[in-house]
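Subject: Structure handover

Hello,

Here is the structure I promised to pass on. Please open it first, then read the notes below.

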Amino acid sequence: VRRFRRGNPDWNTLPEKVAIQLNDTHPAIAIPEMMRVLVDEEALEWDAAWWICERVFAYTNHTVLPEALESWSRELMGRLLPRHLQIIEEIDRRFRAVVALAHPGDETKMRRMAILDEHNVRMANLAIVGSHSTNGVAAIHSSLLRATTVRDLAEMFPERFNNKTNGVTPRRWLLLANPALSGTI
């Protein structure tokens with residue numbers, strides 16, 4: 001951001017020059033931090049700042065187990081990062097309004113999709129809502145993510161969900177790259 005500030009007066013060009021990959025849920029705090037910089041320090045309007053954030057951030061999910069997705073204590077965040085919590089509350093409030101329009105009266109869906117619950121900040125939900133791309137680390141992982149772990153969010157933002165294989169095993173690579181050698185082995 002400092003480097004961008006030096007030579008670029010137009011914040012709308014940030015997504016053309018900067019990509020930030022959230023490698024799992026713990027770095028999702030970068031979303032409210034970027035909003036804080038854009039809104040508090042650069043005096044951008046909320047909607048303009050949010051437009052930039054959604055285009056700058058992408059999220060890689062590493063787990064299909066819902067219980068393994070990070071949730072941060074609202075109380076602790078409020079003590080340590082009060083401004084970030086305020087920003088997350090506003091992101092959640094605005095997102096809930098969108099969900100309410102798409103699914104009027106469906107409180108169960110609202111609870112599953114919300115960024116905030118009574119006690120916690122759901123970092124995966126924040127990462128999905130605040131980015132333009134969500135991917136799993138293998139095709140089957142991405143499929144399970146869409147079908148189970150964050151199904152409601154995947155249905156809300158189908159264009160954001162995709163797959164990026166995060167590596168290959170030597171056996172699978174050999175099988176696909178050289179079936180005859182693989183057969184011989």
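Start with Glu75. Its relative accessibility is 48%, so Glu75 counts as partly exposed. On this scale buried means under 20% relative accessible area, exposed over 50%, and partly exposed in between, with a 1.4 Å probe and protein chains only.

Before more detail, two notes on the source. This is a predicted model, in which local features need pLDDT of at least 70 and side-chain atom pairs count only at pLDDT 80 or more, while totals for chains, interfaces and linings use all residues. Residues are numbered from 1 along each chain as its sequence is written, and side-chain values use heavy atoms, with hydrogens and water left out.

Glu75 has a partner. The side chains of Glu75 and Arg79 form a salt bridge, at 2.5 Å from N to O. The term stands for a side-chain nitrogen of Lys or Arg within 4 Å of a carboxyl oxygen of Asp or Glu. The two residues sit four apart in helix H5, so about one helical turn separates Arg79 from Glu75. Arg79 is exposed, at 55% relative accessibility.

Helix H5 spans 74-80, and helix H6 spans 82-102. Leu81 lies in the loop between them. Helices here are DSSP runs of H or I with at least four residues; strands are runs of E with at least two; both are numbered from the N terminus. Leu81 is partly exposed, at 31% relative accessible area. Together with Leu76 and Leu80, Leu81 forms a nonpolar surface patch with about 260 Å² of accessible area. Patch members have over 30% relative accessible area and no salt bridge; like charges are joined within 9 Å, and nonpolar side chains (Val, Leu, Ile, Met, Phe, Trp, Tyr) within 5 Å. Areas come from the Shrake-Rupley method with a 1.4 Å probe, and for residues only the protein chains shown count as cover.

Other charged pairs

Side chains of opposite charge can pair when their charged atoms come close. The count of salt bridges is 19. One of them joins Asp117 and Arg122, at 3.8 Å from N to O. Asp117 is partly exposed, at 25%. Another joins Arg151 and Glu155, at 3.3 Å. Both lie in helix H10 (residues 151-156), four residues apart, so about one helical turn separates them. Arg151 is partly exposed at 41%. Glu155 is partly exposed at 49%. There is also a network of salt bridges, which links Arg5, Glu33, Arg36, Glu41 and Glu42.

Arg146

Arg146 lies in helix H9 (residues 139-149). Arg146 is partly exposed, at 33%. Leaving aside neighbours within four places in sequence, Arg146 is in contact with Arg151, Ala154, Phe161 and Asn162. Contact means heavy atoms within 4.5 Å. The C-alpha atoms of Arg146 and Thr134 are 9.8 Å apart, with the residues twelve apart along the chain.

The whole protein

The protein has twelve helices and six strands. Its C-alpha atoms fill a box of roughly 65 × 45 × 30 Å along the principal axes. Of its 185 residues, 41% count as buried. Among contacts with a separation of 6 or more, 71% come from residues 24 or more positions apart.

Regards
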